[in-house]
Amino acid sequence: PLWSRGLGDVYKRQNLFNTSHTTEIIDKDLFEANISHILNIMDQPSVDGINTWFVSQAAKNIGLKVMLSGLGGDELLGGYSSFYKIPRAINFFKYFKYMPKFSDMTEYMGIKLNNYIFMNPKYVSLLKYSKSFSSSYFIYRALFLPWELKEILDPDLIEDGIKSLNLIEVMQDKIDTSSSKKSIISSLESAFYMRNQLLRDSDWASMDNSIELRTPLVDIDLLKTVSRIPLKNNQSLKKMLAMSTFKPLPSNIVNKRKTGFSTPIEKWMNQNPNLSSWKKNDYLSNKNISWSKKYGFSVNSYRDFNKKNA
């Protein structure tokens, strides 16, 4: 089961490998019919997992019981932009780690300026967090930065929560500083983003449809083997994987620009009353705020409302 995007490529692969594909188009009506159920069966609020739920449902509809997922491939083979953005940021801002007061002042001025000229919130805090792999990874993956949370939740609650989580220090403990940059980022992506979000969301989304979802790329022996592969300059592990099949993938597939596995929620959520609580918040109402922040806020509000009225 696949999304409608890139159907031409699907048919080419079908002919190349003699495989059978089923296409299911997910439209607004199907989204509306299932969104309340999906939000209710999440183990905890998440901005991901809906895509996997619909694919699992499509697999169930055609009688499948087991699915193979490529989850873990980006963490294993360096497929995320974090593998080059984080080292680049650390190198570019390396001297500012010796000027913490200047970094704090820059963030403070950026927050104030942001009230008049909206800019990417991560740019506001870039100097402050581009000190190490753990802090750079934090700003790379954070949905909301600490100063943003104070715009939507009680400031005292946020301060206590951040101290309790101690997240950057916890991330630092996961790092082997003697490892390569790729290995450090791979461990961070695997330990936090993959384990805490992608694997968890894949679990509830597939189980709700009575599907057994297997993740063959999430394997410690495979990780140890891949980590020993010597790479030349600009050599890509993902391209090596694409060329390792008995019949290598065509160059137009191998060299295709990376795209996320996403659903058009941004287009649908504004018309759904269950996902519109963000409109009551001044900060989130800014048209330049990412839809994922609005969606994350609304998912949490929706689940809290249901619990209080259960």
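Trainee: Okay, Lys128: buried, partly exposed or exposed?

Mentor: Lys128 is partly exposed, since its relative accessible area is 24% and buried would need under 20%. Keep in mind that this is a predicted model.

Trainee: Which residue does Lys128 form a salt bridge with?

Mentor: With Glu107, and the closest N and O atoms are 3.1 Å apart. That pair links distant parts of the chain: Lys128 sits in helix 8 (residues 126-129) and Glu107 in helix 6 (residues 100-114), 21 residues apart.

Trainee: And Glu107, is that one buried or exposed?

Mentor: Glu107 counts as buried, because its relative accessibility is 8% and the cut-off for buried is under 20%.

Trainee: Why do such side chains pair up at all?

Mentor: Opposite charges can pair when the charged atoms come close.

Trainee: How many salt bridges are there in the whole structure?

Mentor: A search turns up eight. One of them joins Lys28 to Glu32, with 3.6 Å between the closest N and O atoms.

Trainee: Where do Lys28 and Glu32 lie?

Mentor: Both are in helix 2 (residues 28-41), four residues apart, which is about one turn of the helix. Lys28 is partly exposed at 28% relative accessibility, and Glu32 is partly exposed with a relative accessible area of 28%.

Trainee: What about Lys163, what's its partner?

Mentor: Lys163 forms a salt bridge with Glu159, and their closest N and O atoms are 3.5 Å apart. These two lie in helix 11 (residues 155-165), again four residues apart, about one turn of the helix.

Trainee: Is Lys163 buried or exposed?

Mentor: Lys163 counts as exposed, because its relative accessibility is 60% and exposed means over 50%. Glu159 comes out at 42%, so it counts as partly exposed.

Trainee: Let's zoom out. How many positive and negative side chains does the chain have?

Mentor: There are 42 positive and 30 negative ones, and the centres of the two sets lie 7 Å apart.

Trainee: And how many helices and strands?

Mentor: The chain has 18 helices and two strands. Its radius of gyration is 21 Å, close to the 19 Å from the globule rule for 310 residues, so the chain is as compact as a globular protein of that length.

Trainee: What share of the residues is buried?

Mentor: Of the 310 residues, 37% count as buried. The accessible surface is about 18,500 Å², and carbon and sulfur atoms account for 54% of that.

Terms used. Residues are numbered from 1 along each chain as its sequence is written. This is a predicted model: local features need pLDDT of at least 70, side-chain atom pairs count only at pLDDT 80 or more; totals for chains, interfaces and linings use all residues. Side-chain values use heavy atoms; hydrogens and water are left out. The radius of gyration is taken over C-alpha atoms; the globule rule is 2.2 Å times the number of residues to the power 0.38. Buried means under 20% relative accessible area, exposed over 50%, partly exposed in between (1.4 Å probe, protein chains only). Accessible areas come from the Shrake-Rupley method with a 1.4 Å probe; for residues, only the protein chains shown count as cover. Lys and Arg count as positive and Asp and Glu as negative; His and the chain ends are not counted. The place of a charge is taken as NZ of Lys, CZ of Arg, CG of Asp or CD of Glu. A salt bridge is a side-chain nitrogen of Lys or Arg within 4 Å of a carboxyl oxygen of Asp or Glu.
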